[in-house]
Amino acid sequence: MIDSASLLAVLPELILTAGGLILMLIAAYGGDATARLVNWLSVLTLAIAGLALSTSLAHGPDAFDGLVRADAFSVFAKALIYGAGAAAILLAPRYFLVGGALRAEYPVLILFSSIGMGMMVSAGDLLTLYVGLEMQSLAAYVLASFMRQDERSSEAGLKYFVLGSLASGILLYGSALLYGFTGGTSFDGIAVALSDGVSKGELFGLVFVLAGLAFKISAVPFHMWTPDVYEGAPTPVTTFFASAPKVAAIGLTVRVAIEALGPAGLDWQQVVIFVALASILFGAVAAIGQTNIKRLMAYSSINNVGFALIGLATGTPAGAAATMSYMAIYVVMTIGGFACILQMRDAEGRPVETIASLAGLSRSRQGLAAALAIFMFSMAGIPPLFGFWAKFLVFDAAVAAGLTALAAFGIAMSVIGAFYYLKIIKTMYFDEPAAPYEARGGAVENIILTACAVVIVFGYFLNPVLDKASAAAAASLF
């Protein structure tokens with residue numbers, strides 16, 4: 001039933017839909033000459049949608065007869081998604097100007113993708129889940145191949161589309177099995193059916209659904225698309241892929257596991273623990289030999305997903321809160337890191353992606369080298385930076401839930417993972433200088449990376465706010 005309360009619950013999505021349609025018309029009639037205007041108006045639209053989150057939260061947890069959840073969890077995830085989307089829009093113009101591909105459609109695609117991601121984290125039904133996931137994915141396929149004249153970008157879009165279609169099929173098959181054996185598609189109805197015991201059919205459905213979601217979070221063994229897509233896609237698009245969709249997919253996985261599959265905890269926990277262990281190990285080892293910094297960040301994202309899943313594997317409110325806190329800190333580190341990567345340009349302003357080109361950066365661009373070092377140290381989990389706190393939270397939740405061996409494995413793998421982060425710092429500060437980058441970076445890039453660096457260095461002052469928000473988000477699931 002559609003009523004005013006349900007419409008208010010999805011007010012952020014309605015704002016993004018109206019804004020996206022209006023801006024698409026502006027882009028169609030004004031052409032690429034309106035690209036900068038559409039960029040700023042898209043950021044404004046995301047900001048307005050973010051302000052509307054409090055309105056959606058004030059009108060009850062359920063909307064449209066349980067199809068949509070408007071709770072603290074969805075608000076927390078959407079705030080991260082909108083912030084990451086705005087950063088990806090602001091970082092794009094300078095990059096695309098050099099390649100002659102500054103198009104007004106880019107921010108509009110991010111708005112439509114954000115609508116899908118909002119539906120994902122608010123899903124209360126398998127149907128809503130799939131519609132939101134496909135809306136996000138369709139926009140993402142176009143974004144990956146956005147630079148049509150670039151062979152790598154076209155290849156990235158095609159790979160993402162083909163493998164994404166396979167993952168959608170796996171997810172649909174799992175959803176069909178759950179519907180067939182539980183008699184419903186709502187998360188609450190599935191949970192009630194599973195509380196009587198898990199049949200073999202329900203178990204197969206559970207595994208297939210988790211496999212489809214594992215593709216979206218680029219977890220092992222469904223990670224194969226990530227390095228190629230991250231490397232081939234335009235760097236602002238890679239920034240977007242590594243942040244907002246990652247939050248949406250992790251948030252959706254947490255909600256499905258806790259709300260829909262909660263009574264089958266012993267079954268899905270085994271799957272999540274395996275995926276977490278494999279992602280941590282593979283992400284740490286595979287990144288060591290990389291020479292392209294975007295591919296390295298792809299393996300880093302796989303590694304970080306594994307750490308985030310440690311919190312989910314506990315199946316406790318503290319673990320879910322730790323996972324969402326981890327994602328909040330991860331988004332800041334990722335956006336800051338890619339803001340630094342976007343400033344890797346040769347003297348003519350052309351993008352450079354090799355790690356070797358960072359040699360001697362501390363002598364030619366001291367500020368950029370310091371900022372990148374902060375983000376690398378934080379991703380490695382080196383105290384007292386904020387990235388250490390993210391890992392501590394998931395390890396602490398695992399130990400409290402009796403998963404001490406899982407936490408110990410994660411800690412050991414953190415040491416291996418630190419190698420490739422420290423290799424970048426060593427290259428910047430101790431290697432003989434390579435050809436210098438352009439003398440100064442873009443103003444917007446500098447502002448964003450500075451803001452992210454400040455949060456990473458002084459983030460512990462935000463702990464009371466972050467802990468309270470993530471605890472409230474997790475509590476709304478249980």
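Tutor: A polar contact is a pair of N or O atoms within 3.5 Å, where within protein one atom must be able to donate a hydrogen and the other to accept it, and where residues adjacent in sequence count only if both atoms are side-chain atoms. This is a predicted model, in which local features need pLDDT of at least 70 and side-chain atom pairs count only at pLDDT 80 or more, while totals for chains, interfaces and linings use all residues. Residues are numbered from 1 along each chain as its sequence is written, and side-chain values use heavy atoms, with hydrogens and water left out.

Student: What does the side chain of threonine 427 reach, and at what separation?

Tutor: The side chain reaches the backbone oxygen of lysine 423 at 2.8 Å, which is within the 3.5 Å limit for a polar contact. Threonine 427 itself belongs to helix α21, residues 404-430, where helices are DSSP runs of H or I with at least four residues, strands are runs of E with at least two, and both are numbered from the N terminus.

Student: Is threonine 427 buried or exposed, and how do you know?

Tutor: Its relative accessible area is 7%, and buried means under 20%, exposed over 50% and partly exposed in between, with a 1.4 Å probe and protein chains only; threonine 427 is therefore buried. Leaving aside residues up to four places away in sequence, threonine 427 touches Ile355, Leu358, Ala359 and Gly360, contact being defined as heavy atoms within 4.5 Å.

Student: Why does asparagine 463 count as buried?

Tutor: Because its relative accessibility is 10%, asparagine 463 falls under the 20% cut-off and counts as buried. This residue is found in helix α23, residues 463-475, and touches Phe386 and Trp389 when residues up to four places away in sequence are not counted.

Student: What makes alanine 451 partly exposed?

Tutor: With a relative accessible area of 41%, alanine 451 lies between the 20% and 50% limits and is therefore partly exposed. Alanine 451 lies in helix α22, residues 443-458.

Student: What is the relation between α2 and α3, and how do you know?

Tutor: The axes of α2 (residues 11-30) and α3 (residues 35-51) come within 9 Å and cross at roughly 170°, the axes being lines fitted to C-alpha atoms, for helices over the stretch in contact, with angles running from 0 to 180 degrees between N-to-C directions. Angles under 35 degrees count as roughly parallel, over 145 as roughly antiparallel, 65 to 115 as roughly perpendicular and the rest as oblique, so α2 is roughly antiparallel to α3. By class, their contact has 10 nonpolar, three polar and no charged residues, where Ala, Val, Leu, Ile, Met, Phe, Trp, Tyr, Cys and Pro count as nonpolar, Asp, Glu, Lys and Arg as charged, and the others, Gly among them, as polar.

Student: Why is α3 called roughly parallel to α7?

Tutor: The axes of α3 and α7 (residues 105-122) come within 9 Å and cross at roughly 20°, which is under 35 degrees, and that makes α3 roughly parallel to α7.

Student: What is the phi of serine 218, and how do you know whether it is buried or exposed?

Tutor: Serine 218 has a positive phi of about 55° although it is not a glycine, and serine 218 lies in the loop between α11 and α12. Its relative accessible area is 0%, under the 20% cut-off, so serine 218 is buried.
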